[in-house]
Every structure is written in structure tokens, then in C-alpha cells.
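Hi,

Here's the structure I said I'd pass on.

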Amino acid sequence: MKLSQAVYAIAALSFSGLCSCSAVKSPAVDLDNSLAYCHNQVHKSLSALRGDSGTIDYSMIPRNISDSSTTWHCRPVCPEEWCSGFWPGVLWYDYENTGDKEILAEAEKYTDALRPLVDAPVYDHDLGFTVFLSYGNAYRLTGKEEYRKAVLAAADSLATLFNPTVGTILSWPRNVEMFGGHNTIMDNMMNLEMLFWASKNGGNSYLYDIAFSHAEKTMQHHFRDDYSAYHVSVYNPETGDFIRGCNHQGYDDNSMWARGQAWAIYGYTMTYRETSDRRFLDFAQKVADRYLSDLPDDMIPYWDFDDPARPESPKDASAACVVASSLLELSSYIDGDKSKEYYDAALKMLASLESDKYRSGNKNDSFLLHSVGNYPAGSEIDYSIVYADYYYLEALTRLKGMKASESNGENKNFMASNKR
């Protein structure tokens, strides 16, 4: 989205590195079938959301589906619901791939329903997830000025959480006392994209500086020596000193939480795209290599790489979707064997995700099964979750764009041209 995270991401991909790789055939992904499958599931979801009344309540946004259900559990639009932007983002991607006017109409209505999040005082860092994935993709695909203005307003609100002494955004204002200081979570790397984009599309220039500072400081203090990430870093808000790293949603403070590592791979790949600072590209490869070094054969991670219950612990398809999307982009910024390694790894992940083991199919209305939300809290364990679907469709959309560039003989930055 580089106007939306997903869309923006799509825009920054370049196929040049892939074309120079070895002639060894890459893993097969049935791209057309997968996109058609997603489109069918979207229509199935919308039909269920209409219900017997034939009318959708746009104030309620799809969030998850448990094993005991076949339809989306929806939650109200409010600042506390961090996943509100993913479903509109899914609709925008589906419209981009199909041109279906019915999907366009629903994408507009669900996006418009999020307007209270733009106008409300900032609640936490997730404003990037909620606004950039919805309004950002909307602007990228329609060019409507109202959508651009919404993104700029949200970026200004998010910037108020920046502490210049620390050099990062305060992720969870409500949890300062719980963590004992200014907390910055790895998920926050994803929301820097809205700041970068806004700074280049009519917003305040200092938004770029905030995002750059946050990424740089996180790179310094959010990782262990082996490039695995903490979920949370805690700083003294008055002095800026780093206090500690911990895992709020991982197995323990020394484990590698799969989705947190996925956020890091995606976040630093995106940050390189937006800054052209080689340090971020090199770092993205280090955190990606750490993730890839310990995956199961099917390339879908367990929810935490260090859960002693492996291989019986639950898988997290959502992390695989985030990583597949980011590895496609990362592969386009480098050349040779390393480019092909990342590209092929992404295809292997997508091939697993399109299998019967991970596709929801007739089991429920989502795209994918087997994601994990917050395992330590007992929340959304082995569920279908909307952000898995979002990044899955983003990855497929990126792959489609890369293949189109290849077939057209183009050697350009596909991702950058398609950003919001």
C-alpha cells in the first residue's frame, strides 16, 4: 500500500534483480486460481454480511472466524479496534484485480465508515493500519482528494505520539505504566509507511524525519545479536535511555515471535524503499535470513519459533503472508542468487497457503485458516484472521504486478509506480 501498505508495497517492487538470477525454475503458484478464489470468498463474505435483511451494517468490520463458525465475527469501528482497516483494504485489492464495480461500491462504503477514526484524537500507533490500508488504497485506486486528505490528517495525528528525546513513536499510551516507560512495539514499523507517504504527498516534511528516526532507533535497540526481534522496547521518556526489550505476545522475552519478526522484515524493506538508505536494506536481509533459517518444511511458521511445544504448537499463517509479501519486494532491490532465494521463498510460502491445508474454502468465508492473534492472552488461537487475508491478497497482487512487468520486458520499480 504504499499509499496503503499493501498497495504502496506493490508500487515499490522492481523485477530487475529477479531477471538476472539463475535459470533454475522457481516454485509454481497458481496465481490466477488464487486470485479467483479470493474474489469468490469476498463475494461469499459480503453475502453473509448482508444476511436476511439484505443490508450491511458498515459500522461493524470483519475481524476473525473461529473453528466453530463459518462467517466473520465483526467488531465495531472504534479507535480500540486496530484491525478496522484490513477488510476495506481487502476489498480495494480485490477491486484492483477484478474491476468488479460491486466490490468498488463496498470498498467505498466500508472506507467511509472509518471516517470517525480519522477525526478522533489519536489512540495509539495503529492509526496507520486503520487509515492507510483503507484510505490509502482508496486514493491510490481512485485519486479522490478526500481520501488523500484523510491520510494526511491521520499522519499528523500519529506524529503527536513521537517523543523526540527517545526518537520513536509511543506505541501504546495506555500501557506506559505497565511497561515502566515509553513503549515502542515492532508492529509500529508498519505504520511508518503512512508517515513517509504523507511527507511526499502534500503533508508536513517532518513526518519523514519522524519515521526515519523511529526506524533507526528501533534498529539499534529492538533486536538481539542474532537479529531476532523483541516485541516491545521500553525507554526512559525523559532521558531517552533504552531500558529493556521484552515479548508481550511471544513465548518469553528471549523467543522469536513469528509475527513480530514478520513486521520487522516488512518494515525495514519498506523503509529502504522510502529512504534509499542502504543500511535499512542490509538490515532487512539480516532479519529475513534469521526468519528463514528455522522454518518448517511447508514454510509456514509456528506462532513462536522458540515454543517448546513445537511441532505441536499452532502455526501462524498471518506471519507467512506478511513475509511472503515483503520478500517479493525485498527480492526486487537486490541482484543475483540472493534475489532469487527471497523470491523463491515467497513463492513456496504462497504455494503452501494455496493448499487445502491452509485455504478456508468451504469451511468458512475467509481466505485462510490457521493464524494466531495473541497466544499468551489465549486470543484468536488457530483462527482465520482478517490481516492474514489482507497480506495474502497483497502478496498475490504484488506477484501479479511483477509477472506483468516481466512479460512486458520492463525493468523498472513496479512497487513505486503503484503506491497510493
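**The pocket**

Two strands, β8 (371-374) and β9 (379-385), each give at least two residues to the lining of the largest pocket. Strands here are DSSP runs of E with at least two residues, helices are runs of H or I with at least four, and both are numbered from the N terminus. Before you go further: this is a predicted model, where local features need pLDDT of at least 70 and side-chain atom pairs count only at pLDDT 80 or more, while totals for chains, interfaces and linings use all residues. Numbering starts from 1 along each chain as its sequence is written, and side-chain values use heavy atoms, with hydrogens and water left out.

The largest pocket holds about 330 Å³ of space. Its lining has 23 residues, with Arg 63, Trp 82, Trp 172, Arg 174 and Gln 249 nearest the centre. By class, the pocket lining has 10 charged, seven polar and six nonpolar residues (nonpolar: Ala, Val, Leu, Ile, Met, Phe, Trp, Tyr, Cys and Pro; charged: Asp, Glu, Lys and Arg; polar: the others, Gly among them).

On the terms: on a 1 Å grid over the protein atoms alone, a pocket is an open set of points with protein on both sides within 12 Å along at least five of seven lines, a cavity is a set where a 1.4 Å probe fits but cannot get out, and lining residues have an atom within 4 Å of a point. Points are joined across faces, edges and corners, and a volume is the space filled by probe spheres set on them.

**The cavity**

Residues lining the largest cavity include Cys 78, Leu 117, Tyr 123 and Thr 130. That lining has eight nonpolar, three charged and one polar residues.

**Helix packing**

Helices α10 (residues 192-200) and α12 (residues 258-275) pack at about 15 degrees, axes 10 Å apart (axes are lines fitted to C-alpha atoms over the stretch in contact; angles run from 0 to 180 degrees between N-to-C directions). That makes α10 roughly parallel to α12 (under 35 degrees; over 145 is roughly antiparallel, 65 to 115 roughly perpendicular, the rest oblique).

α8 (residues 145-159) and α11 (residues 206-221) cross at roughly 50 degrees, their axes coming within 11 Å, which makes α8 oblique to α11. Ala 155, Asp 156 and Ala 159 of α8 meet Tyr 206, Leu 207 and Ile 210 of α11.

Cheers

Conventions
Contact means heavy atoms within 4.5 Å.
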